[in-house]
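Please open the model in your viewer and keep the selection tool at hand. The stops below are meant to be visited in order.

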Amino acid sequence: MASLQTSSLILSSSSSNKISATIPVPKLPRVPMSVPKMPTRTVVEELNMRAGFTNTVPIDVESYNSTSIANTQLYALLEAVADRVEMHNNIGKQRDNWNTLLLNSINMITLTAATLTGVGAIGGAGMPLLALKLSSALLYSAATGLLLIMNKIQPSQLAEEQRNATRLFKQLQSQIQTILTLGNPTQENVKIVMEKVLALDKAFPLPLLGAMLEKFPSKFEPAVWWPSEQSQNKTKEQEGKFHKMAKNGWSEELEVEMRDIIEVVKRKDIKDYARLGNLMLKINKILAISGPLLTGIAAIGSTFVGNGSWAAIIAVAAGALGNAVNAFEHGGQVGMVFEMYRNNAGFFRLLEESIEGTLEEKDLEKRENGELFEMKVALKFGRSLSQLKELARKSAYSRREGTSIDEFASKLF
């Protein structure tokens with residue numbers, strides 16, 4: 001019992017010592033503390049920190065802002081170009097419908113007028129004859145008026161203009177998307193794209209009144225849908241022209257090849273399309289004058305029906321000929337063919353200026369890569385690289401010998 005009491009006293013004594021050791025808490029002195037300010041970071045640094053890039057290379061904020069603005073401007077231009085694609089596509093369909101509807105309407109009016117004139121010549125007399133004469137004269141006059149309007153605006157040519165505008169705006173749209181995909185656009189890219197958009201707007205106007213292209217120019221001229229002034233500065237110095245030219249894909253041989261190809265384009269393709277364009281322009285002018293003239297003669301002749309057989313013959317024959325001329329001009333879409341030749345000649349003119357502009361740039365590093373440029377030229381002509389080189393050799397040989405080359409540069413059209 002004595003041992004138990006002794007041990008319990010020891011335990012209680014030790015536990016009381018532990019309790020007394022934990023109760024007293026010393027008062028700490030108040031020390032003024034200031035929260036340190038977090039270092040400020042730019043938006044680019046903050047994005048890098050969130051992405052886990054702690055050791056980043058310092059970024060030029062001004063360059064980043066310039067790229068961001070150019071990027072935004074290109075997206076705005078891309079939206080405008082997409083809208084123009086839709087507008088030109090819709091208006092092209094509308095004007096193609098104009099051609100079909102006007103052609104069918106004029107032909108039906110002319111045939112009806114010719115029929116009434118023939119019926120009046122066969123057995124009309126008195127009031128029925130007067131009614132037939134008046135009806136045929138009015139119908140012929142209406143056909144003449146509609147033909148004058150139709151020949152003035154040339155709906156088939158208008159539709160072809162809008163089809164070409166749609167294709168070229170789609171091409172520009174894909175070029176903008178390529179620039180955005182490659183990244184780091186510049187204000188120079190924005191300026192060039194803006195100039196191309198304005199040049200296309202001028203080349204293919206949407207309204208008819210006041211802005212419509214001349215359908216019967218005095219001389220055939222290729223279409224121009226690119227900026228007339230090159231935005232980049234070209235140096236004209238000839239010093240060191242071929243010094244170490246085997247860089248950026250360019251060489252003396254490639255330059256000579258490009259110049260030989262330009263000669264073929266000038267002497268064959270552009271010249272031939274100019275000849276065909278002038279021919280179609282003359283044909284279209286003759287048809288545009290002949291149609292209304294014939295229906296006008298028929299309208300005058302129909303008023304003399306009943307006074308002799310010749311009046312009826314002239315009225316019916318002129319009406320039938322006017323109908324045939326109208327069907328050939330607008331059914332055959334002569335205006336569209338003329339516009340197609342004009343745009344094809346413009347394509348070769350653009351290619352010529354593109355090659356010459358590239359060769360005039362003496363700083364090889366500022367040029368497009370030579371091998372890539374050669375491949376693009378070959379594709380635009382529908383040729384392989386070996387066929388393009390062979391064409392250049394033929395061009396050089398024909399110029400040395402003073403003979404004409406026997407093939408065109410393009411195999412596409």
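Which residue lies over the face of W250? Select W250 together with R367, and you will find R367 over the face of the ring, at 4.7 Å from its centre; a charge sits over a ring here if NZ of Lys or CZ of Arg is within 6 Å of the ring centre and within 35 degrees of the ring normal. Next select K268 and F408, where K268 lies over the face of F408, at 4.8 Å from the ring centre.

Before going further, note that this is a predicted model, in which local features need pLDDT of at least 70 and side-chain atom pairs count only at pLDDT 80 or more, while totals for chains, interfaces and linings use all residues. Residues are numbered from 1 along each chain as its sequence is written, and side-chain values use heavy atoms, with hydrogens and water left out.

**Aromatic pairs**

Rings of Phe, Tyr and Trp (its six-membered ring) pair if their centres lie within 6.5 Å, and planes under 30 degrees apart count as stacked, over 60 as edge-to-face and the rest as tilted. By this rule the count comes to 6 aromatic pairs. Select F220 and F338, which form an edge-to-face pair with 5.9 Å centre to centre and 80 degrees between the planes. This pair links distant parts of the chain, 118 residues apart, since F220 is in the loop between α6 (187-203) and α7 (252-302), whereas F338 is in helix α9 (residues 334-360); helices (H or I, at least four residues) and strands (E, at least two) are DSSP runs, numbered from the N terminus. F220 counts as buried at 4% relative accessibility, and F338 is buried at 1%, where buried means under 20% relative accessible area, exposed over 50% and partly exposed in between (1.4 Å probe, protein chains only).

Then select Y273, Y341, F347 and F348, which form one aromatic cluster.

**The nonpolar cores**

A nonpolar core is a set of buried Ala, Val, Leu, Ile, Met, Phe, Trp, Tyr and Cys residues joined through side-chain atoms within 4.5 Å. Select M258, I355 and F381, which touch the most other members of the largest core, a group of 36 residues. The elements that give two or more residues to this core are α7, α9, α10 (370-380) and α11 (385-401), and α7 gives the most, with 13 residues. A second, separate core of 21 residues includes L78, F169, V190 and W225.

**A last stop**

Finally, select T100 in helix α3 (residues 61-123), which is partly exposed, with a relative accessible area of 39%. The C-alpha atoms of T100 and H330 are separated by 8.4 Å, although these residues are 230 residues apart along the chain.
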